[in-house]
Amino acid sequence: MAAERRKDTRRYRTNGSVAYQPEFEQESARRSSRRELVRGNTVRRPEPARRPQPRPRRRPAVRPDVQVRTQSAVAPFTVVGLFAVLACAWLLVVSCAKLAVANSDIVDLRAQLSDLQDEGRTLQAKYELVFDLEAIEKQFLSDGSMVRPGVGQTVYLDLSGGDRVVYYDGAGEGLSGLLQRAERFFAGLVS
């Protein structure tokens, strides 16, 4: 029992300092030296101070002398290539911006075209209602300016005259005027 009591006792070490630090004795972790195994004496003797062993000096690494090449001038091909790449990048950005603007304009024009087509259908229906042939015929028959031919009556149509075209006042404007000017221009080039 006395041996068990000794295992559970705490040891206090000073090692030259005033503060004490209790530690449990662990025999399995460290084997005692022969000096410590003195029978009847459980006090541990201080260990002699160890001298630090001198470490061998390391020689500094010797690096080989490398000759450094001086910086040469920039190659002209590099400068020209860099400017060409920058110009291509700038053109790409500008063309993408123009394409986005054109795409936006196309969407707006398509919306406007559908609105104009709806309006054109409405105006065409109104135009057809204004020029009702039966109403016109009734009006001219009531005035006497138009007479229906009878059964025994023969009507002759004289087509011996030359063909002639009558232009209205706004013929020189719009798409038809543009086509007429283009036709005159190409006719002048050929002759």
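Mentor: Let us start with L82, which is found in helix α2, residues 76-130. Please keep in mind that this is a predicted model.

Trainee: Why does L82 count as exposed?

Mentor: The relative accessibility of L82 is 51%. Exposed means over 50%, so L82 counts as exposed.

Trainee: What makes the nonpolar surface patch that includes L82?

Mentor: The patch is made by L82 together with V74, V79, F83 and L86, and has an area of about 500 Å². Nonpolar side chains are joined into a patch within 5 Å, provided that each residue has over 30% relative accessible area and no salt bridge.

Trainee: How many salt bridges does the structure hold, and what makes D118 and R121 a salt bridge?

Mentor: The structure holds one salt bridge. In the D118 and R121 pair, the closest N and O atoms are 2.8 Å apart. The cut-off is 4 Å between a side-chain nitrogen of Lys or Arg and a carboxyl oxygen of Asp or Glu, so the pair of D118 and R121 qualifies.

Trainee: How are D118 and R121 placed along helix α2?

Mentor: D118 and R121 are three residues apart in helix α2, and are therefore separated by about one helical turn. An α-helix has 3.6 residues a turn, so residues three or four places apart point the same way.

Trainee: Are D118 and R121 buried, partly exposed or exposed?

Mentor: D118 has a relative accessible area of 41% and is partly exposed, because that class lies between the 20% and 50% limits. R121, at 54%, counts as exposed.

Trainee: How many aromatic pairs are there, and why is the pair of F185 and F186 called edge-to-face?

Mentor: The count comes to one aromatic pair. The ring centres of F185 and F186 are 5.5 Å apart, with 65° between the planes.

Trainee: What makes helix α4 hardly covered?

Mentor: Among the 17 residues of α4, the count of buried residues is one. Helix α4, residues 174-190, reaches 25 Å from its first C-alpha to its last, close to the 24 Å expected.

Trainee: How many helices and strands does the protein have, and what share of its residues is buried?

Mentor: There are four helices and two strands, following the pattern α-β-β-α-α-α along the sequence. Buried residues make up 2% of the 191 residues.

Conventions
Residues numbered from 1 in each chain as written. Predicted model: local features only at pLDDT ≥ 70, side-chain atom pairs only at ≥ 80, totals over all residues. Heavy atoms only, no water. Patch = residues over 30% accessible without salt bridge, like charges linked within 9 Å, V, L, I, M, F, W, Y side chains within 5 Å. Areas by Shrake-Rupley, 256 points an atom, 1.4 Å probe, with all protein chains shown as cover. Buried < 20%, exposed > 50% of the residue type's maximum accessible area, 1.4 Å probe, protein only. Phe/Tyr/Trp six-rings, centres within 6.5 Å; stacked < 30°, edge-to-face > 60°. Expected span 1.5 Å × (residues − 1).
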